[in-house]
Amino acid sequence: MLKHVHKLKRGLEKGHNVITNPLDFFLDWIVRIVAYIFIPIPLAAEVLVQYRGLIIALLLNGVVLIVVLFITIVGIFSHPLKRTTVNLPTDGSFISTDVPLQNPLGGVGLSMVKITAGFMDPNYTFFGGIHTGVDFVPSDLYYQLNTTYKSSGDVVVYETINGKVKSYVDEYGSNTVEIVNKDNSIKTVNMHLNKVFVSTGDPATAGKPLGTMGDTGISTGDHLHYEIRLNNNGKWTPVDPLGYIQ
């Protein structure tokens, strides 16, 4: 008899809570349901109810994070890299080659560029990752001598090998152009471009303008992130570009 009285009392208390505090009752049950899904132990659910505020906050933060990631991904793929039409001549100083031999801003050796971050730079971190390329900006000599920059104000990036183009916006929003050589053994990667002059599938020729230096994606300022990657049994392995530039 006493047992039935206690059950009736608990039932009345729950009914009273539903009427007087419907939101709290609803939130408690949300926590219980989530707990039963991930920790199917009744006692665990009741313990977690005591930390309802923290649990609800974590759930809401998770939902917001998922929504933000979804919007970012949709934004990237719904806005493909757009090609800018230009009429810039091929730089005849580049050597026609399937192996990169010159820096992508032109000139002899590194005379037209300054390096702001090196290959595997220990001082350069990207979400805990490593720097798989070299960051270039124009040198003082470039600004003094480059006629294209003087007429347009743009720092033009050139293709450094013959092959085929792949252009895209990467997951961080960087306008990127890759060029794979004819035998699929080596490719170059050019990132953070502002304007892009080529499209996926275009033939590539060393010395042809592919875009302009910029700061798209995650970047601290205008520069060109330039990579050389070797095909190692189907896996593209980054190597130091400075070992190729003559």
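# Close-up views

**View 1. His192 is a buried residue with a positive phi.** The relative accessible area of His192 is 5%, which makes it buried (buried means under 20% relative accessible area, exposed means over 50%, and partly exposed is in between, using a 1.4 Å probe and protein chains only). What you're looking at is a predicted model, so local features need pLDDT of at least 70 and side-chain atom pairs count only at pLDDT 80 or more, while totals for chains, interfaces and linings use all residues. Residues are numbered from 1 along each chain as its sequence is written, and side-chain values use heavy atoms, with hydrogens and water left out. His192 sits in the loop between strand E6 and strand E7 (203-204). Strands, like helices, are DSSP runs numbered from the N terminus (helices are H or I with at least four residues, strands are E with at least two). Phi of His192 is near 70°. Why point that out? Most residues other than glycine have a negative phi.

**View 2. Asn233 also has a positive phi, near 55°.** Look for Asn233 in the loop between E9 and strand E10 (235-239). Is Asn233 buried or exposed? With a relative accessible area of 81%, Asn233 is exposed.

**View 3. The largest pocket has a volume of about 470 Å³.** A quick word on how that works: on a 1 Å grid over the protein atoms alone, a pocket is an open set of points with protein on both sides within 12 Å along at least five of seven lines, whereas a cavity is a set of points where a 1.4 Å probe fits but cannot get out. Grid points are joined across faces, edges and corners, and the volume is the space filled by probe spheres set on the points. Lining residues have an atom within 4 Å of a point. Which residues of the lining are the closest to the pocket's centre? Out of 19 lining residues, they are Thr132, Asp170, Met191, His225 and Glu227. Strand E6 (186-191) and strand E9 (224-232) are the elements that give two or more residues to this lining. By type, the lining splits into eight nonpolar, five polar and six charged residues (Ala, Val, Leu, Ile, Met, Phe, Trp, Tyr, Cys and Pro count as nonpolar; Asp, Glu, Lys and Arg as charged; the others, Gly among them, as polar).

**View 4. Phe136 and Tyr226 make one of five aromatic pairs.** Rings of Phe, Tyr and Trp (its six-membered ring) pair if their centres lie within 6.5 Å; planes under 30 degrees apart count as stacked, over 60 as edge-to-face, and the rest as tilted. Phe136 and Tyr226 are tilted, at 6.2 Å centre to centre with 40° between the planes. This pair links distant parts of the chain: Phe136 is in strand E2 (residues 134-138) and Tyr226 is in strand E9, 90 residues apart.

**View 5. Tyr142, Tyr143 and Tyr149 gather into one aromatic cluster.** Within it, Tyr143 and Tyr149 pair edge-to-face, 4.9 Å centre to centre and with 65° between the planes. Tyr143 is partly exposed at 34% relative accessibility, and Tyr149 is partly exposed at 25%.

**View 6. Lys166 lies over the face of Tyr168.** How far is Lys166 from the ring centre? The distance is 5.4 Å. A charge sits over a ring if NZ of Lys or CZ of Arg is within 6 Å of the ring centre and within 35 degrees of the ring normal.

**View 7. The largest nonpolar core has 24 residues.** A nonpolar core is a set of buried Ala, Val, Leu, Ile, Met, Phe, Trp, Tyr and Cys residues joined through side-chain atoms within 4.5 Å. The residues with the most contacts inside this one are Leu105, Val157, Val177, Ile179, Leu193, Leu210 and Leu224. E2, strand E5 (175-180) and E9 each supply at least two core residues. The largest share, three residues, comes from E9.

**View 8. Asp183 and Asp98 are 85 residues apart along the chain, with C-alpha atoms separated by 8.6 Å.** Asp183 is in the loop between E5 and E6. Asp183 is exposed, with a relative accessible area of 56%.
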